[in-house]
Amino acid sequence: MLSQLLCFSASPALSVSKNYLLLLKPLSLARATVCHLSTTTTTTTMSVNLQSHAFAGNPIRSKTPKPSDPFSPNSALETLKTQLLETTHQINSPNFKVLPFRKGRPLASNSSASDALGPNWRLGWIGLVDCKLFLAKCGIDLSYDSLVYLGSESAAEAVYWAVNVAEEANLVPEIGAEKFCFVELRTLMVATDWDDQHAMGELAIAGHARALLEWHVTSRYCGNCGGKTVPMEAGRRKQCVNDLCKKRVYPRIDPVVIMLVIDKENDRVLLSHQSRFVPRLWSCLAGFIEPGESLEEAVRRETWEETSIEVGEVVYHSSQPWPVGPSSMPCQLMVGFFAYAKSLEINVDKDELEDAKWHSREDVKKALMVAEYKKAQQTAAAKVTQMCKGVEKGQSLSADFNVESGELAPMFFPGPFAIAHHLISSWAFQDSVNGFQSQPKHAGASMSNL
């Protein structure tokens, strides 16, 4: 969502940049420092300290407990089997919490916040006993092999699980006066307040859970012999039941390179527009990595194939898990780079892109300034609240991000939930934060310290 164009005074750069950088501070430009290499070289490089991207920084899986730990996947699974057989409703330790999904959508609820910060959402965690009761009303017997281990929190003595209830279209739990609804993960992504670390953690958990559950759906059969596969290690892997095969299957990750191509001499970047994009949305080039190819080679190949631009030096920026792609690719890994152009003449492959153009730093900054990213987030969060109250009419909430108020800006970029935003914004404001140099003297430095 874009705001009306700001009225630029004769020298607005400082005041406008400060306002936008306040927005970026918790995202991608928390602190910029100039790092000097050893005395053997006079090259100056840069390092940007970033907080985790959206879907990264999962708070319940930073460390996998050891097998002897009661919160480890196998130990927790054995306890889970026992609790599922119990008929009493007593509180057990560890406390098992379940997050239901339907067709890739996690269960969510509004936070009922009415303060100045506006509404927000939270994941619809359900206790194991309540989950059994809800599913039993639909004629489903909750079994241990339908639950997937997500992680644990030892301080709270809690273990977290996910379950796919895709076949139960009418299952929308209600606990007391609180109502829940199944919400598209992309919608929650837009609705997440990126200043709220707890909300960002919830989003990362939901992304991890969706990736695992969608992988379970697409890996029901062995790719080696065609036999059926069954969950192992609390759903963290699968195995073929054919005694002659017994192939182990692990969750699939599809790596993608995403790159901001830079014309260093003319201080501009190459951005593309795809036919599936909404009008005036521009972003970075991206493409899947092919077998036998390095990350750097993929950056150069994709850039050449799509725009005929030759790339020389390739600089790593950061990476982001992306579990909101198609179910056939349940978790892509976006690996971000700065790519320095060796040629400048663009020849667009129309099968890949609708258009590609060079954009100056000034134009990129202006586009970032007018984007109402925060307002879009709050609007989406309010609509999640409406959905949980049963007033949602099937509208695509993420589309609201692209609605402008007032005068239309010539272009805008993906929001702060996407690595493309951080590639673009970190380049655009390199000269505006803590005395940052406009360009590194040497392109061999990593731009991230995630």
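**Close-up views of a predicted model**

**View 1. Phe 96 and Trp 161 are both buried (under 20% relative accessible area, with exposed over 50% and partly exposed in between; 1.4 Å probe, protein chains only).** This is a predicted model: local features need pLDDT of at least 70, side-chain atom pairs count only at pLDDT 80 or more, and totals for chains, interfaces and linings use all residues. Residues are numbered from 1 along each chain as its sequence is written, and side-chain values use heavy atoms, leaving out hydrogens and water. The structure holds five aromatic pairs. Rings of Phe, Tyr and Trp (its six-membered ring) pair if their centres lie within 6.5 Å; planes under 30 degrees apart count as stacked, over 60 as edge-to-face and the rest as tilted. Phe 96 and Trp 161 have ring centres 5.8 Å apart and planes at 85°, so they sit edge-to-face. Phe 96 is in strand 3 (residues 95-102) and Trp 161 in strand 8 (residues 158-164), 65 residues apart. Strands (E, at least two residues) and helices (H or I, at least four) are DSSP runs, numbered from the N terminus. Phe 96 and Trp 161 form one aromatic cluster with Tyr 149.

**View 2. Lysines lie over tyrosine faces.** Lys 81 is 4.5 Å from the ring centre of Tyr 144. Lys 264 is 4.8 Å from that of Tyr 340. The rule: NZ of Lys or CZ of Arg within 6 Å of the ring centre and within 35 degrees of the ring normal.

**View 3. Helix 9 (residues 419-428) is mostly covered.** Ten of its ten residues are buried, including His 421, His 422 and Trp 427.
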